Structures are given as C-alpha cells and as structure tokens.
Amino acid sequence: MKSVQLKQELPEVSVSSVTKNQDQIVILGGVPLRGEVQVSGSKNSSLPILAASLLASRGQSVLHNVPSIADVDIMCKMISSLGAHVTREDHTVIIDASHLKTSVAPQKYVRQMRASFYVAAPLLARLHSAEVPLPGGCVLGTRPIDYHINAFRKMGAQITVERGAMLAKAERWEGAKVLLDHKNSSVGATVNIMMAACLAKGTTVIENAAREPEVINLGDFLNKMGGRVSGAGTSTITIEGVTELHGAEQEIYNDRIEAGTFIAAAIATHGDVRVRGLSPDHLPVFLEKYQEAGVSISTGEDWIQVQASSPYSGVDISTSPFPGFATDLQPLFLTTMCLAQSKSVIQETIYDGRFNYVPELLRMGADVDITDNTAIVHAVPKLGAAQVKSSDLRAGAALVIASLAAEGRSEISNVKYIDRGYEDLATKLQNLGAQVARQHLPTIDTEEVPQPGLKISHK
Ligand code: EPU
C-alpha cells in the first residue's frame, strides 16, 4: 500500500532527455533493489575509439554498443566538426573519416569534456598538425596533460601553447620510447600515444602504460584498422607504425563503472541484484572488498550477483590504476560504507578533488571526516532524504545511491552530470523496483545535441 501511494507522488519518467540539463532526479528511497539489469556500453571505451576512427583515411568504421549518453554526443559532434561523416542509429555509430577538413578542434567541445583532447593524436598523426584547446582543470582537480604533450614532442611535434590551446606541427612523425609516470599510468596519455604511434615511422614503446580494459578495447580496434599494436592491457605497449589505416568494425566493451554503480546501489539498499553483461575480471578489487565486508557476491562469465540482505562491515580501500581499486568507483563505495556496521578508511590517490560529493552526503546524515586525501567514514544506521546537488558524474551517481537507501523523498539536481555517463539510469533503477523518476524543470541549454537516429554531417 505504502509504495503505491508513494509512486503516485512521483512525476512521470522520461527516458531520453540529455538536453534537459535542468532536470532533477526524484527518489523515494528505502526500497531494496531486486532483479536483473543489463549494463550498457562503456563511456570510457567509446570516447577514444570514436576519436581513433579519425585515423582511417579510407573506409567506414562501424562501432556497436555505443551508449546513448551526453559525452558520446559531444565526441560525435567533435569528430564531425573535423570533417568526419557520422551517422548514429540506436547504439551503432558509423564514421567515414576519409576527408578531414581541418586540424583545428573547436574550443566548445573541449571545454565540455576533457576526453575531447583525444582528437589531438589522430590529427597530428594524419594531418601532422593540430590545434586543440587545453582541457584545463575540472571539479576533480588540476588534471594536467603534460604526459600527452611530452610524448608528442618526443615523436617529433613542435608544440607551443598559445591562448589556452596546444598548437602542434610535426614535420617528422616518428616512433619513440615513452616512459609514463609509474604511479599514475595515465589512461588518457596511453590511448593518445597509441593512436599517435599507429601512423608514426618506426616503433613506439610505452612503458608504465595504463592497463585498463578500455586500453585493450582501443588496441583491438586499432589492429582491426590495420595497426600493429601489441601488449595492450600490460604495462608495456609496442606499436609498429604503418603508413595508412582503414575503417573497421568494433564492439564497445560494457561499462564496468556502470556495473559497479548497480552493485553499490544493491548493497546500500540491502537488495538482491544480478548485473548482466560484465565480466567480473573488469571489477577485481571492488568485488573482493565487498566480499571482505561480508556481502554475498557470486559471479559467472558475464554476470555478477549481489545478495545484500545482511549487514556488512566497513573495509578500507585506496584507489589506484587498474587492476587496483578504480577512482571512479570510490564515491560509490564510500556511500555504501556510510551504512556499514563499522568504520572504514578511504584513500584517494588519483585526484585531489574527488571527495567533492561528501558535503552533500553529510547533509543526508553521513558521518565522514576528510583530511587531505583520506576520508574516515564512521558508520551510521541510516541516511536521511534531502535535496542534493551533483558536482560531477560519479558524485551524482553516489548521491543517487545514497537517496535510494535513504527513506523519504530526495531530489538530486545537476542531472546533466549523470547524463554524461549513464544511459537511462532512472529507467534501469525503476526496473529494479526503485521509486525513481526524472522531473523536467525549465530547460536553459538550447544547444542542439545529436540523438541516435539523427545524421550528423559536415557541409
Ligand atoms: N595525469 C598527469 N598528467 C597527464 C595525464 C594525467 O599528471 O598528462 C595524472 C592525472 O592528474 C591523474 C592521473 O594522472 O592524477 C590519472 O589521470 P588519467 O590521465 O588516467 O585520467 P584520464 O585519462 O583523464 C580517465 C577516465 C576518468 C578516470 C581516469 C582514471 C576517460 C574518458 N576518463 O581519465 O573517468 O577517472 O581515467 O581512471 O577515460 C569518469 O568516467 O567519471 C572519469 C573521470
């Protein structure tokens, strides 16, 4: 009875509303999630692979399982503005990049999304020239791109930074030995150098390369395009340059962070959820830590089942590059630790600003002390509903999880951040029994965003 009454208080759900960036998500929490959920394609695999499609001087690339999310919209617009012909139909994106028309990347896309900087490598490799605005810092912290620029210089580019943009020219474009930072082993720098090296003369070796699954997905695509990449997924990647790449077909991996979001939501609500479409190998430490906390987790080749009816204890984590505990999962994990039976200590080693969501959790009754990069999470018996605001993508997801656990009506604003990386989050949660809806508030962003089914082409 109670749940029927609550449901009637909710506004209608809308499913595709990436332009409605004044929307909020309304949740009537306290309902254990139950059922099965299918994970969508990975944002962080799609973005470099979309950029890499610019490397093909002949033939079309056909990308399957591309999620319908705002960051993909931005990348499609970015590569289209450079001359690629882009068509989207459901989760398939077809790109013809035979004729690039400019090596100047529009500022507006890079300002909206750091990963727009991925076009720097294909532009340099194919046109030997690139003018790409620097992405700058973001709410997560300073986020420099010095590794990318140093590598491009080693490969022969002359680079200056003028008016906030990287201006690069490469009369010679050659393979090089690139040593990345051993602690950070940047994903972005690894994928940018892999793309750059495919059309360079000779051999490139990346040491301390990032080992994330997204790097493997890109390496696979580059090889299908005629590239010669070996070692993707290990800390040493070797790329033998070739003179030309062609379009290819590629399946985008499913999104491990989205999977982690549903797992954390199931745990916070003491639910029972099977997450389909993800190999447990893509979430190694995350799953182990929950098992250590006493959560029952079973796995198959491409599914993970969480049964979280019993209380669980607090466990400590420290973020690190893959196969370590992913920083993108940290806000989700910390939120569940708020509701554990004992204290936990969460260390963030990748970003200096990744506890930005904690003040919002405190407003919901969490008890967390932060000193520098360490959060001490004191367990509380429950969280309370509140009006909260997301400050970035994973912060937004953490607040959704907290709201699902908290009894009463929560409202999460700044949904535009959640739309950057989650496809149909509200609908998928509804299918798990959550009382969640999207509420349309007046729209202020009127810029056209390409939707699946629309054709985007340059004139
Ligand atoms: N770093 C440098 N210099 C560089 C590049 C990176 O110092 O030139 C440092 C960064 O400041 C950071 C660390 O290296 O401390 C790791 O940064 P990385 O380059 O790996 O991050 P990224 O490639 O910009 C990707 C994901 C992020 C994710 C990080 C870490 C994409 C599009 N983004 O970013 O995802 O947090 O790797 O795993 O793949 C998200 O999806 O919410 C998200 C932020």
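Predicted model: local features only at pLDDT ≥ 70, side-chain atom pairs only at ≥ 80, totals over all residues.
Colleague: Let's start with Thr 204 in strand S11. Why is Thr 204 called buried?

Modeller: Buried means under 20% relative accessible area. Thr 204 has 0% relative accessibility, so the residue counts as buried.

Colleague: Which residues is Thr 204 in contact with, leaving aside its neighbours within four places in sequence?

Modeller: They are Met 155, Gly 175, Ala 176, Ile 193, Ala 197, Ile 237, Thr 238 and Ile 239.

Colleague: And what makes the pair of Thr 204 and Ala 176 a polar contact?

Modeller: The cut-off for two N or O atoms is 3.5 Å. A polar atom of the Thr 204 side chain lies 3.3 Å from the backbone nitrogen of Ala 176, so the pair falls within that limit.

Colleague: What about Ser 186 and Ile 350, where do their atoms lie?

Modeller: For Ser 186, a side-chain N or O atom is 2.5 Å from an oxygen atom of the ligand. For Ile 350, a backbone N or O atom lies 2.6 Å from a ligand oxygen.

Colleague: How much of the ligand does the protein bury?

Modeller: Taken alone, the ligand exposes 830 Å², and the protein buries 90% of that.

Colleague: Which residues come nearest to the ligand, and how does the shell divide?

Modeller: Of the 23 residues around the ligand, the nearest are Asp 146, Ser 186, Asp 328, Ile 350 and Tyr 351. The shell has 10 nonpolar, 6 polar and 7 charged residues. Helix H6 gives the most to the shell, with 3 residues.

Colleague: Last topic, the cores. What makes a set of residues such as the one with Val 119 a nonpolar core?

Modeller: Its members are buried residues of the nonpolar kinds listed for a core, joined through side-chain atoms within 4.5 Å. The largest such core has 78 residues, and Met 75, Val 119, Phe 152 and Trp 173 have the most contacts inside it. Helix H7 (residues 187-198) gives the most to this core, with 8 residues. Apart from this core lies another of 75 residues, among them Ile 304, Val 388, Ala 426 and Ala 434.

Technical notes
Residues numbered from 1 in each chain as written. Heavy atoms only, no water. Buried < 20%, exposed > 50% of the residue type's maximum accessible area, 1.4 Å probe, protein only. Helix = DSSP H or I, 4+ residues; strand = E, 2+ residues; numbered from the N terminus. Near = heavy atom within 4 Å. Polar contact = N/O pair within 3.5 Å; in protein donor to acceptor, adjacent residues only side chain to side chain. Areas by Shrake-Rupley, 256 points an atom, 1.4 Å probe, with all protein chains shown as cover. Nonpolar A, V, L, I, M, F, W, Y, C, P; charged D, E, K, R; others polar. Contact = heavy atoms within 4.5 Å.
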